[in-house]
Amino acid sequence: MDFDTLLQHSDPASDALVAPIYQTATFRASDAAQFDEMARRPRHERFYTRYGNPTLGQVENLLAQLEGTESALVTASGMAAISVAVLSLVRAGDHVIAQRSLYGGTTAFLETWLSRFGVETTFVDQTQPQAFAQAIRPNTRAIVLETPSNPLLQVTDLRAIAGLARERGIVTIADNTFATPYNQRPTEFGIDLVVHSVSKYLNGHSDVICGAIAGSHERIEACWETLIVIGAVLGPLDAFLVLRGLRTLAVRMERHNRSALLVAEMLARHSAVAAVHYPGLPSHPQHELARAQMRGFGGILSFEVAGGFEAAERVLSAVTLPQRAASVGGVESLIVHPAAMWGGIMSADALAQAGISPSLVRLSVGLESERDLLADLDRALRAGPSGSFG
């Protein structure tokens, strides 16, 4: 089925038009023999909800189909997804390669937390595939990618990185949160595991915290074994809300793609803006690569306000439609100041190395009227001492 149809008809075997919520912690067996069989079977959906649940299973089946993988696993958050995926692959003495422009939480996990367990991470410039090749060691077990990246919207050459990793038996993990499977399917380029913060576009309504991992049966089973020990399990009600949100993913992403491009084009012409980061702009240094591996360019962009940290703060205070709130991918526009927001989890040096300037603003473009949103952003930029539209 086409992507849009799959979102509506992914479970033809069920007689329930809307998936039921199995709001239970555990399931009973009819006799001792059945209980023993349930307890011995991996990822049984009707044994204990930490191990699996029919509501979670419906979301996992749909996500696997959307990403074009054999299997999927939902987790309690996006950070749980990336943590479980990495921890299922490494042990003390191993080495991980990651791109430098990453979500701050992922960077903190790789740089600070993994090192506590004797796993070293090397960060490289993801715009240079040869940088990954040069960083590979005999003990490299995983390469962590994110494209487009948060918050600089840099694009990673998935095919190139997957190729060099597979030749050496290294597992690749790609965060596909910003793109979503509507715009990009990393496994089509050879990536092994795809992770999502489902809280963002896949759910789409800013009312659920959830993560997901998609990949082969073998790799997802290894992730599941890690997950049930860590215990970062999604609740059935949250899984139901994710399934509800997924039904509108295609129509939402089509609008997000269109609106974000219009906003990026306006900002690129604005004299109060020093730079715009959006892969849909021909001026983006990796625009052609983005066109080659993406169907659309997503609803998130970032821009640098002329005037530094204080100017960026003024813009955030002046906007009225974008909400000053963490996260992305909801129906409402959300705006943040990364240098201020991530200062608590990343050092000043780490922010600088990640390319996060003091004047950078990240904008998740929602479903508001495009005309209203453009007017509001223009007015907020004009509020600065040097803002004028040109």
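How many disulfides does the count come to?

1. The model is a predicted one. With a cut-off of 2.5 Å between cysteine sulfur atoms, the count of disulfides comes to zero. Cys210 takes part in no disulfide, and the cysteine sulfur nearest to its own, that of Cys223, is 14 Å away. Likewise, Cys223 is in no disulfide, its nearest cysteine sulfur being that of Cys210, at 14 Å. The distance exceeds the cut-off, since a disulfide requires the two sulfur atoms to lie within 2.5 Å. As to burial, Cys210 has a relative accessibility of 0% and therefore counts as buried. Cys223 is also buried, with a relative accessible area of 0%.

2. The overall dimensions may be considered next. The protein has 390 residues, for which a compact globule would have a radius of gyration near 21 Å; the value for the protein is 21 Å, so the two agree. Along the principal axes, the C-alpha trace spans about 75 × 50 × 35 Å. The secondary structure consists of 16 helices and 12 strands.

3. Among contacts with a separation of 6 or more, 73% are between residues 24 or more positions apart.

4. Helix α11 covers residues 249-268, which is 20 residues. From its first C-alpha to its last, α11 reaches 28 Å, close to the 28 Å expected at 1.5 Å a residue. The buried residues of α11 include Leu249, Met253, Val263 and Leu267. Arg252, His256 and Asn257 are also among the buried residues of this helix.

5. The structure holds six aromatic pairs. In one of them, Phe47 and Tyr51 have ring centres 5.5 Å apart and planes at 80°, so the pair is edge-to-face. Phe47 counts as buried because its relative accessibility is 15%, whereas Tyr51, with a relative accessible area of 23%, is partly exposed. Phe47 and Tyr51 belong to a cluster that ring pairs form with Phe35, Tyr48 and Trp224.

6. Which parts of the chain does the aromatic pair of Tyr278 and Phe297 link? Tyr278 and Phe297 form an edge-to-face pair, 6.5 Å centre to centre and with 75° between the planes. The pair joins distant parts of the chain, 19 residues apart: Tyr278 lies in the loop between β8 (273-277) and α12 (287-293), and Phe297 in the loop between α12 and β9 (300-305). Tyr278 is buried, with a relative accessible area of 1%. Phe297 has a relative accessible area of 19%, and it is buried because the limit is under 20%.

7. Is Thr49 buried or exposed? Thr49 has a relative accessibility of 9% and so counts as buried. Its place is in the loop between α2 (32-40) and α3 (54-67). When neighbours within four places in sequence are left aside, Thr49 is in contact with Thr24, Ala25, Phe27, Val233 and Pro236.

Technical notes: Residues are numbered from 1 along each chain as its sequence is written. This is a predicted model: local features need pLDDT of at least 70, side-chain atom pairs count only at pLDDT 80 or more; totals for chains, interfaces and linings use all residues. Side-chain values use heavy atoms; hydrogens and water are left out. Helices (H or I, at least four residues) and strands (E, at least two) are DSSP runs, numbered from the N terminus. The expected span of a helix is 1.5 Å times one less than its number of residues. Buried means under 20% relative accessible area, exposed over 50%, partly exposed in between (1.4 Å probe, protein chains only). The radius of gyration is taken over C-alpha atoms; the globule rule is 2.2 Å times the number of residues to the power 0.38. Contact means heavy atoms within 4.5 Å. Rings of Phe, Tyr and Trp (its six-membered ring) pair if their centres lie within 6.5 Å; planes under 30 degrees apart count as stacked, over 60 as edge-to-face and the rest as tilted.
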